[in-house]
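This report describes one protein model. Please look at the sequence and the structure below before reading on.

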Amino acid sequence: MQAQYPSQAVYLEVPPQYPQFLSMPSAHLESHGERKVCPKDETITHWNPNNPKSHLLGGFHYNTHTGVLTVPYTGRYYVYAQVFFVARLFLSKNRVFVMAGNRVLLMINKDLPGGPIEETGSAGGVFILSAGEQISLKPTIYDTALWFGPNHCYFGAYMISP
């Protein structure tokens with residue numbers, strides 16, 4: 001059976017309640033470069049909104065002091081993150097939560113043996129988020145060593161439907 005395709009292109013229109021932007025809200029934050037051990041249960045604040053690869057569009061706001069990204073409108077968002085784990089001299093158990101307020105959205109998990117081992121972990125998914133919710137990354141259970149070099153650690157979100 002041959003696949004059927006529409007005869008005309010299908011375009012998503014910006015809903016009338018969001019005339020202030022031409023596309024759905026989106027945010028992408030890159031890290032800025034150093035190796036750091038991030039204490040468990042503390043929000044990671046090493047995101048650089050001024051990095052040429054970072055952007056905040058459609059009402060997203062990032063607080064450089066608290067490390068939180070504030071959602072501008074209620075809707076369905078694709079939320080994603082990548083972190084670059086660096087092993088220490090001993091077994092490193094690494095868990096980083098992607099949070100929306102006190103709610104865990106995603107977990108990035110990598111256990112590394114001791115020694116010069118490095119590994120990337122990433123996660124993403126679609127979630128209903130409310131206007132004003134705050135997205136952040138936080139190591140949990142263990143202190144976690146990360147390399148915040150360019151292209152190594154980043155996170156973001158974009159609205160896929162209101």
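## Salt bridges

A salt bridge is counted here where a side-chain nitrogen of Lys or Arg lies within 4 Å of a carboxyl oxygen of Asp or Glu. The structure, which is a predicted model, holds 2 salt bridges. In one of them, Arg103 is joined to Glu133, with the closest N and O atoms 3.1 Å apart. This pair connects distant parts of the chain, since Arg103 belongs to strand E9 and Glu133 to the loop between strand E10 (118-129) and E11, 30 residues apart. Strands (E, at least two residues) and helices (H or I, at least four) are DSSP runs, numbered from the N terminus.

Arg103 is partly exposed at 35%, while Glu133 is buried at 19%. The other salt bridge is formed by the side chains of Glu119 and Lys110, at 3.0 Å from N to O. Glu119 has a relative accessible area of 32% and is partly exposed; Lys110, at 22%, is also partly exposed.

## Basis and confidence

Residues are numbered from 1 along each chain as its sequence is written. Because the model is predicted, local features need a pLDDT of at least 70 and side-chain atom pairs count only at pLDDT 80 or more, whereas totals for chains, interfaces and linings use all residues, and side-chain values use heavy atoms, with hydrogens and water left out.

The predictor's confidence in each residue is given as pLDDT, from 0 to 100. Its mean over the protein is 85, and 83% of the residues reach 70 or more. Confidence is lowest in strand E12 (residues 144-147), with a mean of 88, and highest in E6, with 98. Where pLDDT is low, the predicted coordinates should not be read in detail.

## Overall make-up

The protein has 13 strands and 0 helices. Of its 162 residues, 43% are buried. Among contacts with a separation of 6 or more, 72% are between residues 24 or more positions apart.

Two strands are taken to pair if DSSP finds at least two bridges between them. An open sheet of 5 strands runs in the order E5-E6-E11-E8-E9, with antiparallel pairing. E5 and strand E9 (103-112) are the edge strands, each pairing on one side only. Direction ignored, neighbouring strands of this sheet are turned by 15 degrees against each other on average. The axes behind such angles are lines fitted to C-alpha atoms, for helices over the stretch in contact, and angles run from 0 to 180 degrees between N-to-C directions.

Strand E6 (residues 68-70) is paired with E11 in the antiparallel sense over 2 bridges, and Thr70 stands opposite Gln134 in E11. Strand E11 (residues 134-139) also contains Ser136. Is Ser136 buried or exposed? Ser136 is buried, at a relative accessible area of 5%. Leaving aside residues up to four places away in sequence, Ser136 touches Thr43, Gly67, Val68, Phe97, Val98 and Met99.

## Aromatic pairs

A pair of aromatic rings is described by the distance of the centres and the angle of the planes. Rings of Phe, Tyr and Trp (its six-membered ring) pair if their centres lie within 6.5 Å; planes under 30 degrees apart are stacked, over 60 edge-to-face, and the rest tilted. This rule gives 6 aromatic pairs. One of them is the edge-to-face pair of Phe60 and Tyr77, at 5.9 Å centre to centre and 80 degrees between the planes. Phe60 lies in the loop between strand E4 (55-57) and strand E5 (61-63), and Tyr77 in strand E7 (residues 75-86), so the pair ties together parts 17 residues apart in sequence. Phe60 is buried at 7% relative accessibility, and Tyr77 is buried at 0%.

Tyr78 and Tyr80 form a stacked pair, with 6.1 Å centre to centre and 20 degrees between the planes. Tyr78 is partly exposed at 28%, whereas Tyr80 counts as buried at 16%. Together with Tyr154 and Tyr158, Tyr78 and Tyr80 form one aromatic cluster.

Terms used: Buried means under 20% relative accessible area, exposed over 50%, partly exposed in between (1.4 Å probe, protein chains only). Contact means heavy atoms within 4.5 Å.
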